[in-house]
Amino acid sequence: MMTFDRLAARVRALPPLVADLLVVAVVGLFTASDAAVNDPGYRQDDALTWALLAVSLVALAFRRRRPVTVLCVTGAACAGWALHGHIGELLNLPVIVALYTVAVLGDRRRTLWTGLAAATVSGVVALIVGRDVVNPQGLPVLEMVWPLVPLLLGEAVRTRRELLAEYAARAARAEEEREREADRRVRQERVRVAREIHDILAHTVSAMTVQAGVALDALDTAPEVSRRAMTQVRASGKEAVRELRATLSVLRATESTAPAPRLDQLAELVAGVEAGGVRVVLRRAPAGAAYPAVVGTTAYRIVQEALTNVVKHSGAGRVAVSLTGGDTHLDIEIVDDGPPRSEPAAGKGFGLIGMRERVLAVGGTLAYGPVPGGGFRVHAELPTEGAAP
(Lines give C-alpha, C1' and ligand atoms only; values in the text may rest on other atoms or scores of the structure.)
Protein backbone atom coordinates (compact mmCIF):
# COMPACT_ATOMS: atom_id res chain seq x y z
CA MET A 1 0.00 0.00 0.00
CA MET A 2 1.27 3.46 -0.94
CA THR A 3 2.06 5.52 2.16
CA PHE A 4 2.02 9.30 2.33
CA ASP A 5 5.80 9.48 2.89
CA ARG A 6 6.50 7.33 -0.15
CA LEU A 7 4.08 9.34 -2.28
CA ALA A 8 5.67 12.60 -1.11
CA ALA A 9 9.13 11.19 -1.86
CA ARG A 10 8.11 10.28 -5.40
CA VAL A 11 6.58 13.70 -5.97
CA ARG A 12 9.74 15.39 -4.68
CA ALA A 13 11.77 13.24 -7.07
CA LEU A 14 9.96 14.80 -10.03
CA PRO A 15 11.45 17.85 -11.76
CA PRO A 16 10.16 21.07 -10.11
CA LEU A 17 8.28 22.23 -13.21
CA VAL A 18 6.55 18.86 -13.62
CA ALA A 19 5.58 18.79 -9.93
CA ASP A 20 4.17 22.35 -10.11
CA LEU A 21 2.14 21.56 -13.21
CA LEU A 22 0.82 18.42 -11.53
CA VAL A 23 -0.28 20.46 -8.51
CA VAL A 24 -1.95 23.00 -10.83
CA ALA A 25 -3.80 20.21 -12.64
CA VAL A 26 -5.11 18.62 -9.44
CA VAL A 27 -6.15 21.95 -7.92
CA GLY A 28 -7.77 23.02 -11.19
CA LEU A 29 -9.76 19.78 -11.42
CA PHE A 30 -11.34 20.12 -7.98
CA THR A 31 -11.77 23.89 -8.07
CA ALA A 32 -13.35 23.85 -11.53
CA SER A 33 -15.86 21.21 -10.42
CA ASP A 34 -17.01 23.59 -7.67
CA ALA A 35 -16.90 26.69 -9.87
CA ALA A 36 -19.21 25.02 -12.42
CA VAL A 37 -22.04 24.62 -9.88
CA ASN A 38 -24.99 27.04 -10.26
CA ASP A 39 -27.68 27.48 -7.63
CA PRO A 40 -31.24 28.16 -8.82
CA GLY A 41 -31.74 31.84 -9.61
CA TYR A 42 -28.00 32.64 -9.47
CA ARG A 43 -25.46 33.11 -12.25
CA GLN A 44 -22.36 31.97 -10.43
CA ASP A 45 -20.93 30.05 -13.38
CA ASP A 46 -20.04 33.14 -15.43
CA ALA A 47 -17.06 34.69 -17.18
CA LEU A 48 -15.76 36.42 -14.03
CA THR A 49 -15.71 33.14 -12.10
CA TRP A 50 -13.70 31.35 -14.77
CA ALA A 51 -11.38 34.33 -15.25
CA LEU A 52 -10.55 34.31 -11.54
CA LEU A 53 -9.95 30.56 -11.71
CA ALA A 54 -7.62 30.91 -14.69
CA VAL A 55 -5.63 33.66 -12.96
CA SER A 56 -5.31 31.53 -9.82
CA LEU A 57 -4.09 28.47 -11.69
CA VAL A 58 -1.55 30.43 -13.74
CA ALA A 59 -0.24 32.03 -10.56
CA LEU A 60 0.16 28.63 -8.86
CA ALA A 61 2.61 27.56 -11.56
CA PHE A 62 5.04 30.16 -10.12
CA ARG A 63 4.47 29.40 -6.44
CA ARG A 64 8.08 28.30 -5.81
CA ARG A 65 9.59 31.46 -7.32
CA ARG A 66 7.18 34.07 -5.92
CA PRO A 67 5.25 32.47 -3.05
CA VAL A 68 4.07 35.75 -1.48
CA THR A 69 2.98 37.19 -4.84
CA VAL A 70 1.12 33.99 -5.70
CA LEU A 71 -0.59 34.11 -2.31
CA CYS A 72 -1.77 37.66 -2.95
CA VAL A 73 -3.13 36.74 -6.39
CA THR A 74 -4.93 33.57 -5.26
CA GLY A 75 -6.21 35.33 -2.13
CA ALA A 76 -7.65 38.16 -4.19
CA ALA A 77 -9.33 35.64 -6.52
CA CYS A 78 -10.84 33.78 -3.56
CA ALA A 79 -12.12 37.04 -2.09
CA GLY A 80 -13.48 37.97 -5.52
CA TRP A 81 -15.49 34.74 -5.65
CA ALA A 82 -16.96 35.41 -2.21
CA LEU A 83 -17.84 39.03 -2.99
CA HIS A 84 -19.30 37.93 -6.32
CA GLY A 85 -21.60 35.57 -4.47
CA HIS A 86 -20.00 32.26 -5.44
CA ILE A 87 -19.02 30.69 -2.12
CA GLY A 88 -17.97 27.04 -2.51
CA GLU A 89 -16.24 24.45 -0.41
CA LEU A 90 -13.40 23.94 -2.91
CA LEU A 91 -12.89 27.45 -4.27
CA ASN A 92 -10.27 28.18 -1.62
CA LEU A 93 -7.98 25.33 -2.74
CA PRO A 94 -5.62 27.64 -4.72
CA VAL A 95 -5.12 29.97 -1.76
CA ILE A 96 -4.67 26.96 0.57
CA VAL A 97 -1.83 25.67 -1.62
CA ALA A 98 -0.33 29.17 -1.74
CA LEU A 99 -0.49 29.51 2.05
CA TYR A 100 1.20 26.12 2.49
CA THR A 101 3.94 27.12 0.03
CA VAL A 102 4.61 30.40 1.83
CA ALA A 103 5.10 28.53 5.11
CA VAL A 104 7.11 25.59 3.80
CA LEU A 105 9.52 27.75 1.75
CA GLY A 106 9.84 30.62 4.21
CA ASP A 107 10.65 31.09 7.85
CA ARG A 108 8.66 31.35 11.06
CA ARG A 109 8.54 35.16 11.05
CA ARG A 110 7.05 35.28 7.55
CA THR A 111 4.55 32.58 8.50
CA LEU A 112 3.36 34.62 11.50
CA TRP A 113 2.89 37.81 9.49
CA THR A 114 1.19 35.88 6.68
CA GLY A 115 -1.19 34.23 9.14
CA LEU A 116 -2.11 37.56 10.70
CA ALA A 117 -2.78 39.19 7.32
CA ALA A 118 -4.68 36.19 5.90
CA ALA A 119 -6.90 35.84 8.99
CA THR A 120 -7.70 39.56 8.94
CA VAL A 121 -8.61 39.61 5.24
CA SER A 122 -10.72 36.47 5.58
CA GLY A 123 -12.62 37.96 8.54
CA VAL A 124 -13.25 41.24 6.71
CA VAL A 125 -14.58 39.39 3.63
CA ALA A 126 -16.90 37.35 5.87
CA LEU A 127 -18.29 40.53 7.43
CA ILE A 128 -18.86 42.12 4.01
CA VAL A 129 -20.53 39.09 2.44
CA GLY A 130 -22.63 38.24 5.50
CA ARG A 131 -24.93 35.24 5.51
CA ASP A 132 -26.28 34.82 2.02
CA VAL A 133 -29.46 32.72 1.74
CA VAL A 134 -28.14 30.35 -0.93
CA ASN A 135 -24.44 30.22 0.00
CA PRO A 136 -24.09 31.38 3.59
CA GLN A 137 -20.65 32.64 4.59
CA GLY A 138 -19.36 31.24 7.86
CA LEU A 139 -19.00 33.24 11.04
CA PRO A 140 -16.16 35.79 10.86
CA VAL A 141 -14.29 34.07 13.69
CA LEU A 142 -14.42 30.73 11.91
CA GLU A 143 -13.44 32.29 8.59
CA MET A 144 -10.38 33.78 10.31
CA VAL A 145 -9.25 30.34 11.45
CA TRP A 146 -9.17 28.32 8.21
CA PRO A 147 -6.19 30.19 6.61
CA LEU A 148 -4.10 29.22 9.63
CA VAL A 149 -4.49 25.48 8.96
CA PRO A 150 -2.34 25.27 5.77
CA LEU A 151 0.15 27.65 7.37
CA LEU A 152 0.54 25.37 10.38
CA LEU A 153 0.88 22.34 8.12
CA GLY A 154 3.58 24.04 6.05
CA GLU A 155 5.36 25.16 9.22
CA ALA A 156 5.35 21.58 10.54
CA VAL A 157 6.69 20.17 7.26
CA ARG A 158 9.41 22.82 7.03
CA THR A 159 10.46 22.25 10.64
CA ARG A 160 10.65 18.50 10.04
CA ARG A 161 12.79 19.00 6.94
CA GLU A 162 15.12 21.32 8.84
CA LEU A 163 15.47 18.77 11.63
CA LEU A 164 16.20 15.97 9.16
CA ALA A 165 18.76 18.15 7.39
CA GLU A 166 20.38 19.00 10.72
CA TYR A 167 20.49 15.33 11.72
CA ALA A 168 22.05 14.45 8.36
CA ALA A 169 24.61 17.26 8.73
CA ARG A 170 25.47 16.10 12.23
CA ALA A 171 25.88 12.53 11.04
CA ALA A 172 28.10 13.70 8.18
CA ARG A 173 30.22 15.77 10.54
CA ALA A 174 30.49 12.87 12.97
CA GLU A 175 31.51 10.55 10.13
CA GLU A 176 34.13 13.02 8.93
CA GLU A 177 35.43 13.38 12.48
CA ARG A 178 35.64 9.60 12.85
CA GLU A 179 37.51 9.35 9.55
CA ARG A 180 39.93 12.09 10.59
CA GLU A 181 40.49 10.40 13.94
CA ALA A 182 41.01 7.05 12.23
CA ASP A 183 43.50 8.61 9.79
CA ARG A 184 45.33 10.26 12.67
CA ARG A 185 45.58 6.98 14.55
CA VAL A 186 46.75 5.17 11.42
CA ARG A 187 49.46 7.78 10.88
CA GLN A 188 50.53 7.50 14.50
CA GLU A 189 50.62 3.73 14.30
CA ARG A 190 52.61 3.85 11.08
CA VAL A 191 55.15 6.16 12.69
CA ARG A 192 55.39 3.88 15.72
CA VAL A 193 55.78 0.74 13.59
CA ALA A 194 58.35 2.48 11.40
CA ARG A 195 60.27 3.52 14.49
CA GLU A 196 60.19 -0.01 15.89
CA ILE A 197 61.33 -1.54 12.61
CA HIS A 198 64.06 1.06 12.31
CA ASP A 199 65.34 0.16 15.75
CA ILE A 200 65.35 -3.52 14.90
CA LEU A 201 67.05 -3.11 11.55
CA ALA A 202 69.43 -0.32 12.52
CA HIS A 203 70.68 -1.90 15.73
CA THR A 204 70.12 -5.65 15.76
CA VAL A 205 70.88 -6.33 12.10
CA SER A 206 73.90 -4.00 12.21
CA ALA A 207 75.23 -5.88 15.21
CA MET A 208 74.70 -9.17 13.38
CA THR A 209 76.71 -7.84 10.44
CA VAL A 210 79.61 -6.85 12.69
CA GLN A 211 79.57 -10.23 14.50
CA ALA A 212 79.46 -12.07 11.20
CA GLY A 213 82.52 -10.10 10.09
CA VAL A 214 84.39 -11.05 13.29
CA ALA A 215 83.50 -14.70 12.77
CA LEU A 216 84.71 -14.58 9.18
CA ASP A 217 88.07 -12.98 10.15
CA ALA A 218 88.66 -15.45 12.99
CA LEU A 219 87.49 -18.51 11.13
CA ASP A 220 91.03 -19.79 10.39
CA THR A 221 93.10 -18.31 13.21
CA ALA A 222 90.72 -18.48 16.21
CA PRO A 223 87.89 -21.00 15.69
CA GLU A 224 86.55 -20.52 19.21
CA VAL A 225 86.14 -16.78 18.67
CA SER A 226 84.43 -17.45 15.38
CA ARG A 227 82.07 -19.96 17.02
CA ARG A 228 81.12 -17.53 19.77
CA ALA A 229 80.48 -14.77 17.21
CA MET A 230 78.24 -17.02 15.08
CA THR A 231 76.37 -18.11 18.20
CA GLN A 232 75.71 -14.47 18.97
CA VAL A 233 74.61 -13.88 15.37
CA ARG A 234 72.06 -16.69 15.70
CA ALA A 235 70.78 -15.32 19.02
CA SER A 236 70.50 -11.82 17.58
CA GLY A 237 68.67 -13.15 14.53
CA LYS A 238 66.14 -14.97 16.69
CA GLU A 239 65.61 -11.82 18.74
CA ALA A 240 65.17 -9.72 15.60
CA VAL A 241 62.59 -12.14 14.20
CA ARG A 242 60.70 -12.15 17.50
CA GLU A 243 60.63 -8.35 17.67
CA LEU A 244 59.55 -8.02 14.02
CA ARG A 245 56.77 -10.54 14.55
CA ALA A 246 55.55 -8.71 17.65
CA THR A 247 55.65 -5.36 15.85
CA LEU A 248 53.87 -6.48 12.70
CA SER A 249 51.18 -8.36 14.63
CA VAL A 250 49.83 -4.98 15.73
CA LEU A 251 48.75 -4.33 12.15
CA ARG A 252 46.53 -7.43 12.27
CA ALA A 253 45.32 -7.07 15.83
CA THR A 254 41.74 -6.06 14.95
CA GLU A 255 41.38 -8.74 12.30
CA SER A 256 42.75 -11.51 14.46
CA THR A 257 40.82 -10.78 17.66
CA ALA A 258 37.35 -9.85 16.35
CA PRO A 259 35.12 -12.87 15.64
CA ALA A 260 33.82 -13.17 12.08
CA PRO A 261 30.10 -12.38 11.72
CA ARG A 262 27.72 -15.31 11.25
CA LEU A 263 24.34 -15.72 9.62
CA ASP A 264 22.87 -16.30 13.07
CA GLN A 265 23.51 -12.60 13.71
CA LEU A 266 21.20 -11.49 10.89
CA ALA A 267 18.33 -11.04 13.36
CA GLU A 268 20.38 -8.45 15.26
CA LEU A 269 21.27 -6.72 12.00
CA VAL A 270 17.60 -6.62 10.95
CA ALA A 271 16.55 -5.27 14.34
CA GLY A 272 18.99 -2.38 13.98
CA VAL A 273 17.65 -1.52 10.51
CA GLU A 274 14.02 -1.70 11.65
CA ALA A 275 14.85 0.65 14.50
CA GLY A 276 15.53 3.26 11.81
CA GLY A 277 12.00 2.98 10.40
CA VAL A 278 12.50 0.47 7.56
CA ARG A 279 10.51 -2.77 7.78
CA VAL A 280 12.59 -5.84 6.93
CA VAL A 281 11.15 -9.23 6.03
CA LEU A 282 13.82 -11.91 6.55
CA ARG A 283 13.42 -15.45 5.18
CA ARG A 284 15.91 -18.30 5.47
CA ALA A 285 15.24 -21.64 3.87
CA PRO A 286 16.12 -23.97 5.36
CA ALA A 287 16.17 -22.13 8.67
CA GLY A 288 19.37 -22.52 10.65
CA ALA A 289 21.28 -24.22 7.82
CA ALA A 290 25.04 -24.46 8.38
CA TYR A 291 27.52 -23.26 5.75
CA PRO A 292 31.30 -22.94 5.60
CA ALA A 293 32.57 -20.01 7.64
CA VAL A 294 33.80 -18.04 4.62
CA VAL A 295 30.40 -18.41 2.91
CA GLY A 296 28.50 -17.37 6.05
CA THR A 297 30.71 -14.33 6.56
CA THR A 298 30.40 -13.28 2.91
CA ALA A 299 26.62 -13.70 2.99
CA TYR A 300 26.35 -11.62 6.15
CA ARG A 301 28.46 -8.81 4.67
CA ILE A 302 26.36 -8.78 1.49
CA VAL A 303 23.12 -8.43 3.44
CA GLN A 304 24.70 -5.82 5.70
CA GLU A 305 25.91 -3.68 2.78
CA ALA A 306 22.60 -4.01 0.91
CA LEU A 307 20.56 -2.95 3.96
CA THR A 308 22.94 -0.05 4.55
CA ASN A 309 22.36 1.14 0.98
CA VAL A 310 18.59 0.82 1.46
CA VAL A 311 18.68 3.01 4.58
CA LYS A 312 21.05 5.61 3.11
CA HIS A 313 19.97 5.91 -0.51
CA SER A 314 16.68 4.25 -1.43
CA GLY A 315 13.96 6.00 0.63
CA ALA A 316 12.19 2.62 0.82
CA GLY A 317 9.73 1.65 3.51
CA ARG A 318 10.08 -2.12 3.17
CA VAL A 319 12.81 -4.53 2.12
CA ALA A 320 12.72 -8.29 1.66
CA VAL A 321 15.81 -10.39 2.44
CA SER A 322 15.83 -14.00 1.26
CA LEU A 323 18.54 -16.64 1.79
CA THR A 324 17.82 -19.94 0.07
CA GLY A 325 20.30 -22.75 0.49
CA GLY A 326 20.82 -25.72 -1.78
CA ASP A 327 23.24 -28.63 -1.88
CA THR A 328 25.83 -26.72 -3.87
CA HIS A 329 25.03 -23.02 -3.51
CA LEU A 330 23.47 -20.30 -1.39
CA ASP A 331 21.19 -17.75 -3.09
CA ILE A 332 20.88 -14.28 -1.51
CA GLU A 333 18.33 -11.72 -2.67
CA ILE A 334 17.59 -8.28 -1.23
CA VAL A 335 14.76 -6.25 -2.81
CA ASP A 336 13.39 -2.92 -1.58
CA ASP A 337 10.28 -0.97 -2.60
CA GLY A 338 11.85 2.47 -2.90
CA PRO A 339 11.12 4.95 -5.70
CA PRO A 340 12.66 4.32 -9.14
CA ARG A 341 16.33 5.18 -9.35
CA SER A 342 19.07 4.67 -11.88
CA GLU A 343 21.82 2.09 -11.69
CA PRO A 344 25.04 3.36 -10.04
CA ALA A 345 27.53 4.70 -12.54
CA ALA A 346 30.72 2.80 -13.21
CA GLY A 347 33.35 3.58 -10.62
CA LYS A 348 30.79 4.93 -8.15
CA GLY A 349 29.65 3.26 -4.97
CA PHE A 350 32.48 1.60 -3.04
CA GLY A 351 29.98 -0.50 -1.10
CA LEU A 352 28.85 -2.30 -4.25
CA ILE A 353 32.45 -2.67 -5.40
CA GLY A 354 33.43 -4.24 -2.09
CA MET A 355 30.38 -6.50 -2.27
CA ARG A 356 31.42 -7.74 -5.72
CA GLU A 357 34.98 -8.37 -4.55
CA ARG A 358 33.74 -10.47 -1.64
CA VAL A 359 31.53 -12.55 -3.93
CA LEU A 360 34.27 -13.10 -6.50
CA ALA A 361 36.69 -14.11 -3.74
CA VAL A 362 34.55 -17.16 -2.93
CA GLY A 363 33.82 -17.96 -6.60
CA GLY A 364 30.26 -16.62 -6.67
CA THR A 365 28.30 -14.24 -8.87
CA LEU A 366 26.62 -10.91 -8.10
CA ALA A 367 23.96 -8.91 -9.95
CA TYR A 368 22.24 -5.69 -8.92
CA GLY A 369 20.08 -3.01 -10.49
CA PRO A 370 16.76 -1.16 -10.38
CA VAL A 371 13.48 -3.06 -10.49
CA PRO A 372 10.86 -2.01 -13.09
CA GLY A 373 8.21 0.08 -11.36
CA GLY A 374 10.40 1.07 -8.44
CA GLY A 375 12.87 -0.47 -6.04
CA PHE A 376 16.35 -1.98 -6.20
CA ARG A 377 17.46 -5.63 -6.24
CA VAL A 378 20.70 -7.28 -5.20
CA HIS A 379 21.18 -10.97 -6.00
CA ALA A 380 24.20 -13.10 -5.16
CA GLU A 381 24.92 -16.80 -5.62
CA LEU A 382 27.67 -18.30 -3.47
CA PRO A 383 29.00 -21.83 -3.96
CA THR A 384 29.03 -23.94 -0.80
CA GLU A 385 31.02 -26.94 -2.10
CA GLY A 386 34.78 -26.72 -1.85
CA ALA A 387 34.64 -23.54 0.25
CA ALA A 388 37.28 -23.12 2.92
CA PRO A 389 35.95 -24.15 6.35
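Guide: Here is a walk through the fold, its salt bridges and a few residues.

Visitor: Great. What kind of model is it?

Guide: This is a predicted model.

Visitor: And the secondary structure, how many helices and strands?

Guide: The protein has 13 helices and five strands.

Visitor: What share of the 389 residues is buried?

Guide: Buried residues come to 32% of the 389.

Visitor: How about contacts with a separation of 6 or more: what part comes from residues 24 or more positions apart?

Guide: Such pairs account for 68% of those contacts.

Visitor: Let's look at helix packing. At what angle do helix 11 and helix 12 pack?

Guide: Helix 11 covers residues 266-274 and helix 12 covers residues 293-314; they pack at about 5 degrees, and their axes are 11 Å apart. That makes helix 11 roughly parallel to helix 12.

Visitor: Which residues meet there?

Guide: Helix 11 brings Leu-266, Leu-269 and Val-273. On the helix 12 side they meet Tyr-300, Val-303, Gln-304, Leu-307 and Val-311.

Visitor: Speaking of charge, how many salt bridges does the structure hold?

Guide: Twelve salt bridges. As background, side chains of opposite charge can pair when their charged atoms come close.

Visitor: Walk me through a few. What is the N to O distance for Glu-155 and Arg-158?

Guide: In that salt bridge the distance is 2.3 Å. Both residues belong to helix 8, which spans residues 148-217, and they sit three residues apart, about one turn of the helix.

Visitor: Is that pair buried or exposed?

Guide: Glu-155 counts as buried because its relative accessibility is 11%. Arg-158 is buried too, at 7%.

Visitor: Which residue forms a salt bridge with Arg-184?

Guide: Glu-181 does, with the closest N and O atoms 2.4 Å apart. Arg-184 and Glu-181 are also both in helix 8, three residues apart, about one turn of the helix.

Visitor: How accessible are Arg-184 and Glu-181?

Guide: Arg-184 has a relative accessible area of 33%, so Arg-184 is partly exposed. Glu-181, at 26%, is likewise partly exposed.

Visitor: Okay, next pair. What does Glu-333 form a salt bridge with?

Guide: Arg-377 is the partner, and the closest N and O atoms are 2.6 Å apart. This pair links distant parts of the chain: Glu-333 is in strand 3 (residues 329-336) and Arg-377 in strand 5 (residues 376-383), 44 residues apart.

Visitor: And their relative accessible areas, what are those?

Guide: Glu-333 is at 28%, which means partly exposed. Arg-377 is partly exposed as well, at 31%.

Visitor: Which residues do salt bridges that share partners join into one network?

Guide: Arg-108, Glu-155, Arg-158 and Glu-162 are joined that way.

Visitor: Back to Arg-158, then. What polar contacts does its side chain make?

Guide: One is with the side chain of Glu-162, at 2.9 Å.

Visitor: Which residues does Arg-158 touch, not counting residues up to four places away in sequence?

Guide: Arg-158 touches Ala-103, Val-104, Gly-106, Asp-107 and Arg-108.

Visitor: New topic: where is Ser-56?

Guide: Ser-56 is in helix 3. Its relative accessible area is 0%, so Ser-56 is buried.

Visitor: What is Ser-56 in contact with, leaving aside its neighbours within four places in sequence?

Guide: Thr-74, Ala-77, Trp-81 and Pro-94 are in contact with Ser-56.

Visitor: And Leu-57, where is that placed?

Guide: Leu-57 is in helix 3 as well, which covers residues 47-60. At 17% relative accessibility, Leu-57 is counted as buried, because the cut-off is under 20%.

Visitor: Which residues is Leu-57 in contact with, again leaving aside neighbours within four places in sequence?

Guide: Val-24, Val-27 and Gly-28.

Visitor: Last one: what separates the C-alpha atoms of Leu-57 and Val-73?

Guide: Those C-alpha atoms are 9.9 Å apart, and the two residues are 16 residues apart along the chain.

Note on methods. Residues numbered from 1 in each chain as written. Predicted model: local features only at pLDDT ≥ 70, side-chain atom pairs only at ≥ 80, totals over all residues. Heavy atoms only, no water. Axes fitted to C-alpha atoms, helices over the stretch in contact; angles between N-to-C directions. Helix = DSSP H or I, 4+ residues; strand = E, 2+ residues; numbered from the N terminus. Parallel < 35°, antiparallel > 145°, perpendicular 65-115°, else oblique. Contact = heavy atoms within 4.5 Å. Salt bridge = Lys/Arg side-chain N within 4 Å of Asp/Glu carboxyl O. Buried < 20%, exposed > 50% of the residue type's maximum accessible area, 1.4 Å probe, protein only. Polar contact = N/O pair within 3.5 Å; in protein donor to acceptor, adjacent residues only side chain to side chain.
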